[in-house]
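I opened a notebook on this structure and wrote down what I looked up, entry by entry.

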Amino acid sequence: FNLTKEKGGFKILSRGGGKQTKSLTLEDKNGEEWKLRTIDKDPGTAIPLPFRSVSTRRIVQDMISAAHPYAPLVVDPLAKAAGVLQATPEIYFVPDDPAFGYYQKLFANKICFLEKKDPVPPGINTRSTLKLISHITEDNDHLIDQNAVLKARLLDFYVGDWDRHMDQWRWAVTDTGKGKLYLPIAKDRDQAFFYSEGAAMQYATRRLLPFLKGFRYDIPKPNWLGYSARDFDRIFLNALNKKKWEENVDEFIAAMTDSVIEDAVQHLPREVYPLTGDTLIAKLKSRREVLKRAAMKYHDFISNEVNILGSNKEEFFDVNGTDTGLNVNVYAREKDGDTSLLVYSRVFDPKVTEEIRLYGFNGNDRFNLKGKSKINIRMIGGSSFLGNRIPYSLLFWIAIALIIFYALRRSGWGRLLYAI
């Protein structure tokens with residue numbers, strides 16, 4: 001990697017990365033931003049200070065080896081086949097280059113991935129997940145392409161990527177003429193193909209850490225595999241019923257043909273393919289056959305209790321219990337009472353869903369309930385409901401706290417400790 005020549009030359013903007021990965025934000029000659037990040041992890045700063053020693057560092061470093069270092073190279077062509085938006089990584093060796101200046105020692109003689117920060121066409125803006133949540137709770141014309149989110153999450157399950165928290169995503173913004181539509185951009189495929197061996201880890205994954213079961217020929221505990229992203233999924237997949245899930249799963253599986261799988265694994269470095277290539281191909285083909293069963297089980301898990309978020313503007317929540325299920329439609333309300341813009345719609349099956357929670361946030365919202373249903377309905381109003389005496393920002397965090405509280409209430413102490 002030649003900092004001053006690659007892609008026409010880069011200049012360093014800033015350092016990033018988490019507790020284990022080192023990364024640099026670079027800018028090319030056209031003003032486009034890129035990420036250069038190390039493949040190998042440094043667990044030193046992730047270990048609590050009282051336990052930071054040579055022995056503990058070696059143990060944690062050994063556990064890091066359960067992650068496949070070249071997984072992003074394989075996941076990228078699978079994502080393209082499924083229509084999932086993410087950056088295409090390129091692999092480089094970074095020499096001891098004085099052009100890195102202050103960062104020379106940090107990146108000298110390291111193997112790194114180089115990828116675009118935002119893999120979208122010029123002129124398309126992107127947002128972080130936290131900014132997106134702020135937008136969708138502020139105004140009701142900010143909508144999510146939930147089918148695209150589901151395709152991306154199916155890819156996570158397919159490649160065994162259990163580390164998919166809020167910061168692992170960015171969002172491309174498009175204008176529909178009636179508002180903004182957000183498309184997910186998957187980031188950081190560091191835990192794809194994670195596979196742990198050894199008696200201690202096998203024991204731990206039975207009860208304490210079941211989400212670390214790893215990339216196997218089957219998908220034994222899908223609810224735990226998706227557990228770290230359950231709150232993400234309950235926000236960004238709350239409008240899709242069982243039929244939509246089945247349609248998306250079928251489309252995803254159809255895209256994962258034998259030739260797509262074999263070509264994707266061929267993206268491994270030629271020195272690495274003999275070590276894991278054939279095994280990855282066999283596991284991907286095997287997991288394809290059981291993916292639908294696992295995905296629908298996870299659908300039932302996150303559909304047991306569903307959060308439906310309004311915004312700080314005015315909404316009309318129309319809830320109608322029928323013999324076939326509970327119909328929930330949410331409309332944007334204008335000051336004159338017009339409800340022409342449908343912002344949410346779903347039919348709930350009482351055999352799957354026990355409770356739905358309607359969060360009005362601020363604004364003069366209206367809740368209209370009719371018919372009967374076995375599903376419990378909770379209505380959480382905004383500032384108008386409370387007499388305009390509580391600040392808007394506080395109401396938002398109260399609603400988020402309620403969502404977390406109801407999730408933890410049913411979790412048991414083991415899951416509560418994990419969540420903490």
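Entry: I looked up tryptophan 34 and found it buried, because its relative accessibility is 6%. I use buried for under 20% relative accessible area, exposed for over 50% and partly exposed for in between, with a 1.4 Å probe and protein chains only.

Entry: ground rules. I note that this is a predicted model, in which local features need pLDDT of at least 70, side-chain atom pairs count only at pLDDT 80 or more, and totals for chains, interfaces and linings use all residues. Residues are numbered from 1 along each chain as its sequence is written, and side-chain values use heavy atoms, with hydrogens and water left out.

Entry: overview. I counted 13 helices and 17 strands in the protein. Helices (H or I, at least four residues) and strands (E, at least two) are DSSP runs, numbered from the N terminus. Of the 420 residues, 48% count as buried. I also looked at contacts, meaning heavy atoms within 4.5 Å. Among contacts between residues at least 6 apart in sequence, 63% join residues at least 24 apart.

Entry: aromatic pairs. How many aromatic pairs does a search of the whole structure find? It finds 19. Rings of Phe, Tyr and Trp (its six-membered ring) pair if their centres lie within 6.5 Å; planes under 30 degrees apart count as stacked, over 60 as edge-to-face and the rest as tilted. Phenylalanine 10 and tryptophan 34 form an edge-to-face pair, with 5.9 Å centre to centre and 70 degrees between the planes. Phenylalanine 10 sits in the segment before strand 1 (11–16) and tryptophan 34 in strand 3 (residues 33–38), so I noted a link between distant parts of the chain, 24 residues apart. Phenylalanine 10 is buried, with a relative accessible area of 8%. Both rings belong to a cluster that ring pairs build from Phe1, Phe10, Trp34, Tyr92, Phe100 and Phe107.

Entry: helix 5 with helix 9. The axes of helix 5 (residues 146–158) and helix 9 (residues 242–255) come within 10 Å and cross at roughly 55 degrees. That makes helix 5 oblique to helix 9. Axes are lines fitted to C-alpha atoms, for helices over the stretch in contact, and angles run from 0 to 180 degrees between N-to-C directions. Under 35 degrees is roughly parallel, over 145 roughly antiparallel, 65 to 115 roughly perpendicular, and the rest oblique. On the helix 5 side I listed Asn147, Leu150, Lys151, Leu154, Leu155 and Tyr158, which meet Lys244, Trp245, Asn248, Val249, Glu251 and Phe252 in helix 9.

Entry: two residues of that contact. Tyrosine 158 is buried at 0% relative accessibility, and phenylalanine 252 is buried at 1%. Their ring centres are 5.7 Å apart and their planes at 85 degrees, so this pair is edge-to-face. Tyrosine 158 lies in helix 5 and phenylalanine 252 in helix 9, so the pair ties together parts that are 94 residues apart in sequence.

Entry: a lysine. Is lysine 151 buried or exposed? Lysine 151 is buried, with a relative accessible area of 15%. Leaving out residues up to four places away in sequence, lysine 151 touches Ala82, Val84, Asn248, Glu251 and Phe252.

Entry: helix 5 with helix 11. Helix 5 and helix 11 (residues 273–303) pack at about 125 degrees, with their axes 9 Å apart. They are therefore oblique to each other.
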